[in-house]
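Please keep the sequence and the model in view while reading.

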Amino acid sequence: MPAEDPIDLGEKDQNLLAAWRILFENEYSAEIKDLEGLEMNVFGFEVQHDVMAKDKFLKTEFHLNPARTLSMGDKVLKEQFDQNGVLTRPVVRVVNLSENYHRTMDELRMRDRDRLLSVDVKIAHVSHPYGWLKSASYKCRDCGTSTEVKQRRARERESPSVCRICLQKSLDGIDTKDIPIAHFYPRPNFRMLIDECYYEDVQDVSMRQISYNKDHHLIQCSAKFELIGTLSDDLVGDVESSSFMRVNGILRVQPIPTRNFAKDTRRLLSIDVISVEPLPIIDTK
Ligand SMILES: [Zn+2]
């Protein structure tokens with residue numbers, strides 16, 4: 001993905017980058033060095049939640065804003081990989097979330113959206129891998145400035161509404177105080193740069209709630225509580241149907257797939273998977 005301009009990062013993001021850097025250097029430097037020479041396209045790097053939680057700031061940010069915190073971790077780990085001759089793009093996979101994140105599917109509600117959670121599941125079905133446009137690049141046809149617009153999966157593609165540089169140029173020298181806004185229509189004039197767009201590999205899995213006893217014998221697998229989870233990057237192709245997994249992720253709200261009018265307000269819960277851990281469940285039924 002194209003690198004973000006570091007000048008755009010606020011103080012909190014700078015602190016996040018610094019916290020990740022300290023974590024990787026203090027806790028994972030030997031593991032990173034061991035990967036030297038690895039030539040994979042993408043590599044999931046496991047970080048233990050309790051190790052990360054030693055840093056209170058990182059722990060809190062991961063709790064409040066997990067997606068942003070992980071993307072910062074990816075950036076820092078990429079630097080560390082580059083410095084150690086590991087020629088691959090890393091994805092931070094936080095595993096073994098503390099017990100207060102453990103949930104069951106039947107208790108999840110819309111109000112839990114964007115929260116972190118761990119659920120124990122049986123994978124009922126795995127879709128074919130597909131891609132989506134995660135970030136689109138556009139070029140202003142007037143001045144040539146490029147802008148990047150982050151997209152949302154399964155939503156309409158968004159494009160920039162106005163070029164700031166050109167807008168500023170048109171406003172320079174005009175007394176803007178009394179312009180009636182209703183009569184002022186800057187129109188977008190952009191071209192999408194297909195080659196510079198970033199696509200992410202993903203795969204959907206349907207997951208069923210399970211319960212098991214302390215010896216890991218399956219007690220129940222319920223088709224009544226089924227949720228869709230989305231795997232990305234290195235996890236694509238890694239999860240098999242009928243396997244038992246602890247899925248760690250972020251609860252999301254999606255439009256229902258069968259919507260037949262654009263502004264349908266009905267929504268379903270789903271999980272953006274941040275990591276998976278195989279569970280040693282014994283199914284004697
Ligand atoms: Zn422009």
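Predicted model: local features only at pLDDT ≥ 70, side-chain atom pairs only at ≥ 80, totals over all residues.

## Overall picture

Of the 285 residues in the protein chain, 22% are buried. The chain contains six helices and ten strands. Its C-alpha trace extends over about 75 × 50 × 35 Å along the principal axes.

## Helix α5

Helix α5 covers residues 66–83, a run of 18 residues. From its first C-alpha to its last it reaches 26 Å, close to the 26 Å expected at 1.5 Å a residue. Its buried residues are Pro66, Thr69, Leu70, Met72, Gly73, Lys75, Val76, Leu77, Gln80 and Phe81. After the helix comes Gly85, which has a positive phi near 65 degrees.

Asp82 also belongs to helix α5. This residue is exposed, because 10 other C-beta atoms lie within 10 Å, and a residue counts as exposed at 12 or fewer. Asp82 is 46 residues from Glu36 in sequence, while their C-alpha atoms are 9.5 Å apart in space.

## How α1 packs against α5

How are α1 and α5 placed relative to each other? Their axes lie 9 Å apart and form an angle of about 50 degrees; the two helices are therefore oblique to each other. The crossing of α1 past α5 is right-handed.

On the α1 side, the residues that meet α5 are Asp13, Leu16, Leu17, Trp20, Arg21 and Phe24. On the α5 side, they are Thr69, Met72, Gly73, Lys75, Val76, Leu77 and Gln80. Sorted by class, this contact has seven nonpolar, three polar and three charged residues.

## How α1 packs against α4

Helix α1 (residues 11–27) also packs with helix α4 (residues 56–64), at an angle of about 120 degrees and with the axes 10 Å apart. These two helices are therefore oblique to each other. Their crossing is left-handed.

The contact involves Asn15, Leu16, Ala19 and Leu23 from α1, together with Phe57, Leu58 and Glu61 from α4. By class, the residues of this contact are five nonpolar, one polar and one charged. Leu16 of α1 takes part in the contact with α4 and is also among the residues that meet α5.

## Positive phi angles in two loops

Most residues other than glycine have a negative phi. Asp114 has a positive phi near 70 degrees, although it is a residue other than glycine. Asp114 sits in the loop between β2 (89–95) and β3 (116–126). There it is partly exposed, with 13 other C-beta atoms within 10 Å.

His216 likewise is not a glycine and has a positive phi, of about 65 degrees. The loop that holds His216 runs between β7 (198–212) and β8 (218–232). Is His216 buried or exposed? His216 counts as exposed, because it has 12 C-beta neighbours inside 10 Å.

Cys143 is located in the loop between β4 (130–140) and β5 (146–150). With 12 C-beta neighbours inside 10 Å, Cys143 counts as exposed. Leaving aside residues up to four places away in sequence, Cys143 touches Cys163, Ile165 and Cys166. Val92 stands 51 residues from Cys143 along the chain, and the C-alpha atoms of the two are separated by 38 Å.

Helix α6 comprises residues 164–171. Of its eight residues the number buried is zero, so this helix lies largely in the open. Gly173 follows α6 and has a positive phi, near 85 degrees.

Technical notes:
Residues numbered from 1 in each chain as written. Helix = DSSP H or I, 4+ residues; strand = E, 2+ residues; numbered from the N terminus. Expected span 1.5 Å × (residues − 1). Buried ≥ 20, exposed ≤ 12 C-beta atoms within 10 Å, placed from the backbone. Axes fitted to C-alpha atoms, helices over the stretch in contact; angles between N-to-C directions. Parallel < 35°, antiparallel > 145°, perpendicular 65-115°, else oblique. Left-handed = near helix turned anticlockwise from the far one by under 90°. Contact = placed C-beta atoms within 7 Å. Nonpolar A, V, L, I, M, F, W, Y, C, P; charged D, E, K, R; others polar.
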